Amino acid sequence: SNEGPLIAVSLNKDNYTTSLVQKNKRFSVSILSESTNSKVIQDLGFRSGKDNDKWDDLVHTEVNDLPIVKDNCNGYMICELLDTMDADTHLIVLAKVKNA
């Protein structure tokens, strides 16, 4: 894009994260290495943030008030929501990368 890098992400409509992205209009993406401990993936991917503080036991930092995993993280992106597209059970999110 001439306006800067864009990404598209597919989010399950039933996930709490999806409602937060829609409400806040921004989100972070941590790019994890292959050597990332499976507990990190379990804590972030298989527990709801609605009922648990996913970040409580994870080593992380914040960039622009958004959490970024620190351990085994190859990089991150701070993204601003531009548009969404309904895809039945999922929402396709188009976002502009504001910081990386």
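**View 1. Strands E5 and E6 sit side by side, running antiparallel and joined by 9 bridges.** Strands (E, at least two residues) and helices (H or I, at least four) are DSSP runs numbered from the N terminus, and two strands pair if DSSP finds at least two bridges between them. Before you zoom in, note that this is a predicted model: local features need pLDDT of at least 70, side-chain atom pairs count only at pLDDT 80 or more, and totals for chains, interfaces and linings use all residues. Residues are numbered from 1 along each chain as its sequence is written, and side-chain values use heavy atoms, with hydrogens and water left out.

**View 2. Aspartate 88 sits in the loop between E5 and E6.** This hairpin has 2 residues between its strands. Aspartate 88 isn't a glycine, yet its phi is positive, at about 65 degrees. Aspartate 88 is also exposed, with a relative accessible area of 62%. Here, exposed means over 50% relative accessible area, buried means under 20%, and partly exposed is in between (1.4 Å probe, protein chains only).

**View 3. Aspartate 65 is another residue with a positive phi that isn't a glycine.** Its phi is near 65 degrees. Look for aspartate 65 in the loop between strand E3 (60–63) and strand E4 (66–69). At 62% relative accessibility, aspartate 65 counts as exposed.

**View 4. Here is the largest nonpolar core, 11 residues in all.** A nonpolar core is a set of buried Ala, Val, Leu, Ile, Met, Phe, Trp, Tyr and Cys residues joined through side-chain atoms within 4.5 Å. Its members are Ile7, Leu11, Val21, Phe27, Met77, Cys79, Leu81, Leu91, Val93, Ala95 and Val97. Zoom in on valine 21: leaving out residues up to four places away in sequence, valine 21 touches Leu11, Arg26, Phe27, Leu81 and Val93. Touching, or contact, means heavy atoms within 4.5 Å.

**View 5. Aspartate 86 and lysine 13 form a salt bridge.** That term covers a side-chain nitrogen of Lys or Arg within 4 Å of a carboxyl oxygen of Asp or Glu. In this pair, the closest N and O atoms are 2.5 Å apart. Aspartate 86 lies in strand E5 and lysine 13 in the loop between E1 and helix H1 (16–24), so the pair ties together parts that are 73 residues apart in sequence. Aspartate 86 is exposed, at 53% relative accessible area, while lysine 13 is partly exposed, at 34%. The structure holds 1 salt bridge, and you're looking at it.

**View 6. Serine 10 lies in strand E1.** Serine 10 counts as partly exposed, at 46% relative accessibility. Leaving out residues up to four places away in sequence, serine 10 touches His90, Leu91 and Ile92. How far apart are the C-alpha atoms of serine 10 and asparagine 37? They are separated by 24 Å, and the two residues are 27 places apart along the chain.
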